[in-house]
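Welcome! Please take a moment to look over the sequence and the 3D view, and then we will walk through them together.

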Amino acid sequence: MKISEIAELINGEILTGNAENGHLTKAFSSDLMSDVLTLETENTILITGLANLQAIRTAEMSDIDCIIFARNKKVMEDMVNLAKENNMVIIRTPCSVFKTSGKLYNAGIEPIF
Amino acid sequence: MMEYEYNITGGDFSKAGFASSNLKKALKQLNIPSKLIKRIVIALYEAEMNIVAHAYEGVIKVEITPEKIYINVKDKGPGIEDIQQAMEDGYSTASEEVREMGFGAGMGLSNIKNNADDFEIVSTVNEGTELKIVTKIS
């Protein structure tokens, strides 16, 4: 699924990254970065309500190139800059983590487990 | 052989991950397979977060040879009283601040071990902790 399609599904705003990019097939929802760091998958979307620099760092180390910040969390400039530096996509949505996950699941995005 | 060295300051969360990020870029330039890079930098990132979260300061030394990558992480800090307990999933002494940041779930050390081919940990209470993380390249 393309970034633009994902953003549209959840009324999301793309804060950085190319909207036409992406062959994203799986997603993982977590506010615990320690859990994200145990994943072994690729082409994964991270859905989280934890908006800080370490969420971006965690995605960088985990080869995750799309993060969705749920619950309209404030995304700071240093987070956007770090994401940009790593060619990542950031989407912010007013939806909750649950609603975001549900919408993406219905659209065919698969869980990791 | 290539060598890298990073000084880490305890408590400085704004820079946490800088060393791991820098090493990741270096490994990419060496054309090491991305799955292998991920294992190496995840282990290093966990170790780097541990210094920031628990120690006063630390030094990360990385040696890259054609066969293996050696990472040595040495900190000055409170040390670990019971390493076996610290290696268990779910055991953590992390502060509320660290937990709010999405860490401190007591999973770091075992995740380092899972991502390493060789892992050693030595710790002295009130002095510090030293980790050796070895990854085979081939």
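Leaving aside its neighbours within four places in sequence, which residues is B:Thr129 in contact with? They are B:Asp75, B:Gly77, B:Gly79, B:Ile80, B:Ile121 and B:Ser123. Keep in mind as you look that this is a predicted model.

B:Thr129 sits in strand S5 of chain B, which runs over residues 128–136. One of its contacts, B:Gly77, is 52 residues apart from B:Thr129 along the chain, and yet 7.2 Å separates their C-alpha atoms. Is B:Thr129 buried or exposed? A residue counts as buried if 20 or more other C-beta atoms lie within 10 Å of its own. B:Thr129 has 26 C-beta neighbours inside 10 Å, so B:Thr129 is buried.

Now find helix H1 of chain B, residues 18–29. At 1.5 Å a residue, its 12 residues should span 16 Å, and the C-alpha atoms at its ends are 17 Å apart, which agrees. Which residues of H1(B) are buried? They are B:Ala19, B:Ser20, B:Leu23, B:Lys24 and B:Leu27. These residues lie on the same side of H1(B), because the arc they cover around the axis is only 135 degrees. The partners of the buried residues in H1(B) come from both chains: helix H3 (53–61) of chain A, along with strand S1 (2–9), helix H2 (34–54) and strand S2 (57–64) of chain B. After H1(B) comes B:Asn31, which has a positive phi, near 60 degrees.

Next, turn to where the chains meet. The contact takes 16 residues from chain A and 19 residues from chain B. On the side of chain A that touches chain B, H3(A) gives the largest share, 6 residues. By type, the residues on that side of chain A are 7 nonpolar, 5 polar and 4 charged.

Finally, look inside. The largest nonpolar core has 66 residues, and A:Ile90 and B:Leu44 are among those with the most contacts inside it. H2(B) supplies the largest share of this core, 12 residues. Not counting residues up to four places away in sequence, A:Ile90 touches several residues, including A:Leu15, A:Ile67, A:Phe69 and A:Val80. In soluble globular proteins, nonpolar side chains tend to be buried together.

Definitions and conventions: Residues are numbered from 1 along each chain as its sequence is written. Chains are lettered from A and ligands numbered from 1 in the order in which they are written. This is a predicted model: local features need pLDDT of at least 70, side-chain atom pairs count only at pLDDT 80 or more; totals for chains, interfaces and linings use all residues. Helices (H or I, at least four residues) and strands (E, at least two) are DSSP runs, numbered from the N terminus. The expected span of a helix is 1.5 Å times one less than its number of residues. A residue is buried if 20 or more other C-beta atoms lie within 10 Å of its own, exposed if 12 or fewer, and partly exposed in between; C-beta atoms are placed from the backbone. The arc is that of the directions from the helix axis to the C-beta atoms. Two residues are in contact if their C-beta atoms, placed from the backbone, lie within 7 Å. Ala, Val, Leu, Ile, Met, Phe, Trp, Tyr, Cys and Pro count as nonpolar, Asp, Glu, Lys and Arg as charged, and the others, Gly among them, as polar. A nonpolar core is a set of buried Ala, Val, Leu, Ile, Met, Phe, Trp, Tyr and Cys residues joined through C-beta atoms within 7 Å.
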